[in-house]
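Student: I'd like to learn how to read a model like this one. Could you walk me through it?

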Amino acid sequence: MAALKPSERMKIPRQPMPEQEPAQRAANFQEVNCGYSAEAASTEACRCLQCKDAKCVGGCPVNIDIPGFVDALADGDLSRAADILFADNVLPGITGRVCPQETQCEAVCVRAKKGTPVGIGYMERFVADWARQHRKDLFEPPTPTGFRVAVVGSGPGGLTCAGELAKRGHAVTVFEALHIPGGVLVYGIPEFRLPKAIVHAEVETLRRRGVEIVTDVVIGQTYTIHELMKGEGYHAVFVANGAGLPVFQGIPGENLKGVYSANEFLTRVNLMGAYRFGETDTPVIKASQIVVVGGGNTAMDSVRTARRLGASPATLVYRRSREEMPARVEEVKHAEEEGVVFRMLCNPLEVLGDDKGWVSGVRCIRMELGDPDASGRRRPVPIPGSEFEIPCQVFIEAIGTKANPLLTQTTPGLQTNKWGNIVVDDNNMTSIPGVFAGGDIVRGGATVILAMGDGKHAAAAIHQYLTTGCSGNGRAKLNAVP
Ligand code: SF4
Ligand code: SF4
């Protein structure tokens, strides 16, 4: 296989991802994408041109050696492929499923210039799934350094940082506020996109690597950052507690029964298993008509979840056009196939209620696109007199989240910006020496893979800080040495 000429590789068509049929999957919570067969993965690997200057690697926030693991896969050496993949990415089963590869590595794959890029994410998923079943011995235990690092939050940024630090021999404790590790991976992303079993398995792999995970501990309440460093004796801290505070539109009727933030709705269904209420203790309001407002992946997850709970129609309302939607193209396509109704270029003005205080509908206004705004996207402008109503019994707001102030307000000296996000330098170090931060608490809302990129970058800076006494920019000096 590896002896194929580039011209022969160019002739191989991209291998499609097998999926559950739309009508079937709209009624269940099982994973939509079924994964490559060994044959499809190997064929797809042969499409890679093994570029000397592999642009795809620079397009990956955790800099996976993509040609390396793909070459091993093309050779049928899955063990080598797994070693290469896990050396750069501690959560490949997760990223292979939810990373927006079409805007990351695959967007800069040379094959995208003349056709379709190599299916990097799909192959990553295949190798990670193979490794989960066949390789328990992925890591050589490193020599312990004696340094202790606390990681706040067990989402993608925190887990990545923890795994990278553990590889280097540091003792890492991850503090998670919820009762299950995974952060947004378990409370935000639905089972049909990312099965919880995959998250639990990759968390277990980190535990085998020596990472300690402590749940039900809220940093900022149970311990402050200063208590972790002074009282508990951690030499450095990485803060990756996300941005979990929901944002609401501030329109009339938001206090009616049947209005959810996407965070609450998804947490009930995903983390607490409300779609299996009866077997589980947490309910969620099921309704025949549900409206979701928003255009990102969280909005798409919410409306597809509503569809699976039986809503017909499950309607998505977005104030811009489809071209401006930030959601992944694949998720939009899947939602459409599953029967989600898209109402583009309209915006809710008011949630309507009945005389018992329950949601009965949403009053919206049509929009048109005006001149570009600061983000470069065309600004949506209301069309006077175009109001209309959509009947529904549940209304879900998925327009964004912001930083929870609990941790930042209990950490004197921690610099934040006007949105409450933590300010960091090029090494992800905050205004407090030895305290680093990354992911949504810094970026104010990003993707899983960008948070993981921060975690990896910060781990390298923390390692340097611990082993040299300075973080790389010379301003931080480590005081306590084990
Ligand atoms: Fe591509 Fe994402 Fe995998 Fe990196 S982690 S190789 S960007 S799919
Ligand atoms: Fe392979 Fe595309 Fe990367 Fe080149 S850019 S090494 S073809 S995946």
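Tutor: Let's begin with a term: a salt bridge is a side-chain nitrogen of Lys or Arg within 4 Å of a carboxyl oxygen of Asp or Glu. This is a predicted model, where local features need pLDDT of at least 70 and side-chain atom pairs count only at pLDDT 80 or more, while totals for chains, interfaces and linings use all residues. Residues are numbered from 1 along each chain as its sequence is written, chains are lettered from A and ligands numbered from 1 in the order in which they are written, and side-chain values use heavy atoms, with hydrogens and water left out.

Student: How many salt bridges does the structure hold?

Tutor: Side chains of opposite charge can pair when their charged atoms come close. Here the structure holds 35 salt bridges. Take Arg14 and Glu106, which form one with N and O 3.1 Å apart. Arg14 sits in the loop between α1 (6-10) and α2, and Glu106 in the loop between α7 and α8, so the pair ties together parts that are 92 residues apart in sequence. Helices (H or I, at least four residues) and strands (E, at least two) are DSSP runs, numbered from the N terminus.

Student: Which domains does the assignment give?

Tutor: Domain bounds come from an automatic or database domain assignment. For this protein we get domain 1 (6-134), domain 2 (148-244 + 403-468) and domain 3 (249-401). Taken over C-alpha atoms, the centres of domain 1 and domain 3 are 32 Å apart.

Student: What area do domain 1 and domain 3 bury between them?

Tutor: The size of an interface is often given as the accessible area lost when the parts come together. Buried area uses a 1.4 Å probe and is summed over both parts. Domain 1 and domain 3 bury about 1,200 Å², with 47% of it on carbon and sulfur atoms. On the domain 1 side, Arg25, Ala26 and Phe29 lose the most area to domain 3, together 48% of what that side buries. Counting contacts (heavy atoms within 4.5 Å), 15 residues of domain 1 touch 14 residues of domain 3.

Student: Which residues surround ligand 2?

Tutor: A residue is near a molecule if one of its heavy atoms lies within 4 Å of it. Around ligand 2 you'll find, among them, Cys48, Cys51, Cys56 and Cys109. By class, that shell has 10 nonpolar, no polar and no charged residues. Ala, Val, Leu, Ile, Met, Phe, Trp, Tyr, Cys and Pro count as nonpolar, Asp, Glu, Lys and Arg as charged, and the others, Gly among them, as polar.

Student: And ligand 1?

Tutor: Ligand 1 has 13 residues around it, and Cys60, Cys99, Cys105, Glu124 and Ile449 come nearest. Helix α8 (residues 120-134) gives the largest share of that shell, 3 residues. The shell around ligand 1 splits into 8 nonpolar, 4 polar and 1 charged.

Student: Where is the cis peptide bond?

Tutor: Look between Ser312 and Pro313, where omega is about 10°. Pro313 lies in the loop between α14 (297-308) and β8 (314-318).

Technical notes:
Buried area = accessible area lost by both parts, 1.4 Å probe.
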